[in-house]
Amino acid sequence: MGIDRREFLKIIGASAAFALGGMTIVDAIVKDDAEAAQYTPEPGALVAGQWAMVIDMWKFKTEDDRKRVIDACNSAHNIPDFGEAKDEVKWIWDDSFEHAFPETEQKYLQASLEKMPFLLMCNHCENPPCVRVCPTKATFKRSDGIVMQDMHRCIGCRFCMAACPYGSRSFNWSDPRPYIKHENPNYPTRTKGVVEKCTFCVERLAKGEMPACVEASNGAMVFGDLKDPNSKVRKLLESTYTIRRKPELGTGPNIYYVIRGADNA
Amino acid sequence: MYNGGKILLGILIFLALATFPFYNNIGKADVEPKPSIDTPAIQKLSEKKCIEPTAFMKAEHMVLLNEWRDLAVRDNNRVYVAGDGKKYTISLQNTCMKCHSNKKEFCDKCHNYAGVSPYCWDCHLAPKEGK
């Protein structure tokens with residue numbers, strides 16, 4: 001003879017109670033929070049709510065000044081020189097005012113601006129379109145605002161390159177190793193088939209150092225925390241007129257460019 | 001059977017070739033790879049031990065490195081606290097390879113033996129060593 005309704009309900013209730021109770025016991029025994037405690041950030045690391053940079057192109061007097069800054073980055077990060085514009089890998093580069101700020105186009109531009117090259121790099125956007133399109137989450141935004149790239153995860157689909165309105169991302173069409181002039185043994189290279197860009201020198205910030213370009217710029221580039229009202233960048237933004245690249249797109253770029261009148265040139 | 005002799009001969013030759021690796025290696029002891037830890041940096045250590053016990057490093061170094069890369073790159077946790085409480089900077093190039101500067105004799109020995117080719121060094125630079 002089978003079981004009656006009352007018996008059936010008893011069995012169901014008992015097994016449900018056992019299943020729920022059993023899980024809590026298992027959870028109590030199997031703990032893996034010991035793992036997480038084994039890792040800490042570096043003690044002397046620079047921290048911020050949102051890293052940002054203010055660049056004053058008027059402080060770059062000659063081409064050598066700009067080249068020094070670009071070279072500092074290139075040699076610190078093992079950036080290859082493929083020798084061809086279409087294969088170019090660039091973290092920091094220069095271009096004309098017209099190309100950097102196309103939306104400000106006007107026929108009768110202040111003469112000093114027309115000829116002035118601007119140093120460009122990843123804007124570490126507040127709302128980065130590259131992060132939104134990345135299918136593997138290889139590129140992501142850190143809590144300190146840096147748009148970071150995890151080369152281990154990059155599959156080279158180049159969606160981020162299409163999404164970035166600033167042209168800040170470059171693709172390695174071939175193995176970059178043979179094209180690196182001076183290898184920095186303390187920093188990795190990249191491999192064929194990954195996208196790379198400026199990282200605001202996360203590896204230097206972790207050691208308590210300023211980014212390589214800032215260090216080489218002799219004060220023309222200022223780096224700091226945008227969320228801290230007493231930081232150097234905030235003081236500069238309050239006291240000088242600055243513009244950003246393509247702010248109308250809503251990406252929230254974090255590189256600010258000081259603009260001075262012709263009399264200050 | 002047509003051409004029976006030729007077919008049998010063919011089968012025999014095929015079997016002889018296909019089983020060559022087996023009878024060729026019968027009785028020979030398997031040579032275990034012995035990764036060398038003879039580098040200047042390790043010679044200088046008073047106590048020759050890695051960041052964790054050797055047995056753990058042998059079996060689990062790939063798991064540890066995988067964890068390291070995620071924690072350093074994604075969470076910005078760049079210090080590893082070892083089981084004995086000592087702290088190490090998380091970096092393949094600047095921590096592991098500073099002691100194990102002999103990639104060919106240390107890493108490659110076992111990796112080749114096990115037939116694995118990890119892509120660490122596609123990007124991470126191995127220390128320069130004489131060829």
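Reader: In S1(B), what is the bridge partner of A:Thr40?

Author: This is a predicted model, where local features need pLDDT of at least 70, side-chain atom pairs count only at pLDDT 80 or more, and totals for chains, interfaces and linings use all residues. Residues are numbered from 1 along each chain as its sequence is written, while chains are lettered from A and ligands numbered from 1 in the order in which they are written. Strand S1 of chain A (residues 39–40) pairs with strand S1 of chain B (residues 79–81), antiparallel, over two bridges. Strands are DSSP runs of E, at least two residues, and helices are runs of H or I, at least four, numbered from the N terminus; two strands pair if DSSP finds at least two bridges between them. In S1(B), the partner of A:Thr40 is B:Val79.

Reader: How many residues of chain B are in contact with chain A?

Author: Contact means C-beta atoms, placed from the backbone, within 7 Å. Chain A contributes 17 residues. On the chain B side, the number is 16.

Reader: Which helix of chain B has the highest confidence?

Author: pLDDT is the predictor's confidence in each residue, from 0 to 100. Chain B has a mean of 89, with 98% of its residues at 70 or more. Confidence is lowest in helix H3 (residues 40–44) of chain B, at a mean of 87. It is highest, at 95, in residues 4–18 of chain B, helix H1.

Reader: Which residue in S11(A) stands opposite A:Thr242?

Author: An open, mixed sheet in chain A has four strands in the order S9-S2-S11-S10. S10(A) pairs with S11(A) (residues 255–258) in the antiparallel sense. Opposite A:Thr242 stands A:Val258.

Key
Contact = placed C-beta atoms within 7 Å.
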